[in-house]
Amino acid sequence: MEHAAAAHGHGEENHVESFERARLAMWFFLASEIMMFGAFIAAYVVLWSSAPGGDGTAFDKHHLSWKIACFNTAVLILSSFTMVKSVHAISKNNRSKCEDYMVLTAALGALFLGVKMYEYSLKFADGIGPDTNVFYGCYFLMTGFHGIHVLIGVILLIWCAFYVKRMDNHHYAPVENLALYWHFVDLVWIFLFPIVYLL
């Protein structure tokens with residue numbers, strides 16, 4: 001009996017160590033992503049601040065719709081809430097509810113991408129592309145890379161929603177790491193929205 005208890009304790013100890021390793025690896029990955037998006041944003045701000053005052057063509061962005069972007073911001077904020085609920089559900093060993101919340105989060109991410117594609121289509125219909133001016137070159141670069149990250153997140157959410165059936169309240173590192181990734185994606189957009197649409 002004592003041997004079984006010791007083995008159980010040792011197993012939990014190994015689980016905690018693997019959980020912390022997985023979390024640390026995700027933080028290192030996110031740090032590299034922060035540097036990449038930070039470089040994009042810094043380059044944009046430098047270009048914007050150094051543009052000649054009388055030259056409005058380089059940063060002409062009157063075709064942008066802040067209302068569409070505001071709606072998409074609300075969608076991502078809501079998706080962060082549903083992602084938090086999914087982590088809370090699996091921590092309570094409620095795998096069914098965790099799966100539901102992850103599917104809902106993926107649906108919100110897909111909605112964000114759909115709205116972004118609609119926004120892109122409006123630009124292309126007006127003859128606007130990455131080569132239109134400096135602003136739109138930065139716009140398509142930053143929002144495009146962000147959109148790719150959202151798409152990756154949606155794919156991982158759908159995969160994890162099926163995989164969660166094998167997890168319990170002691171082994172849910174993939175859900176928590178996915179939540180960290182999703183919150184990072186949302187946070188990047190929180191920075192991009194005012195800088196791109198309101199600055």
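**H3 against H4**

I began with the packing of H3 on H4: the angle is about 155°, and the axes lie 9 Å apart. I took axes as lines fitted to C-alpha atoms, for helices over the stretch in contact, with angles from 0 to 180 degrees between N-to-C directions. That angle makes H3 roughly antiparallel to H4, a label for angles over 145 degrees; under 35 is roughly parallel, 65 to 115 roughly perpendicular and the rest oblique. I noted a left-handed crossing where H3 passes H4; left-handed means the near helix is turned anticlockwise from the far one by less than a right angle. I sorted the residues of this contact into 18 nonpolar, six polar and four charged. Here Ala, Val, Leu, Ile, Met, Phe, Trp, Tyr, Cys and Pro count as nonpolar, Asp, Glu, Lys and Arg as charged, and the others, Gly among them, as polar.

**Ground rules**

I am working on a predicted model, where local features need pLDDT of at least 70 and side-chain atom pairs pLDDT 80 or more, while totals for chains, interfaces and linings use all residues. I number residues from 1 along each chain as its sequence is written, and side-chain values use heavy atoms, without hydrogens and water.

**Whole chain**

I counted five helices and zero strands; these are DSSP runs (helices H or I, at least four residues; strands E, at least two), numbered from the N terminus. Of the 199 residues, 41% count as buried (under 20% relative accessible area; exposed is over 50%, partly exposed in between; 1.4 Å probe, protein chains only).

**Two residues of H3**

I looked up lysine 116, which sits in helix H3. Is lysine 116 buried or exposed? It counts as buried, because its relative accessibility is 2%. Lysine 116 touches Asn72, Tyr139, Thr143, Trp189 and Tyr197, leaving out residues up to four places away in sequence; contact means heavy atoms within 4.5 Å.

I then checked methionine 102, also placed in helix H3. Methionine 102 is buried, at 0% relative accessible area. Beyond four places in sequence, its contacts include Met83, Ser86 and Leu157.

**The core**

Which residues touch the most other members of the largest nonpolar core? I found Tyr139 and Val175, in a core of 53 residues. H5 supplies the largest share, 15 residues. Such a core is a set of buried Ala, Val, Leu, Ile, Met, Phe, Trp, Tyr and Cys residues joined through side-chain atoms within 4.5 Å. Among the residues that valine 175 touches beyond four places in sequence, I listed Met83, Cys98 and Met167.
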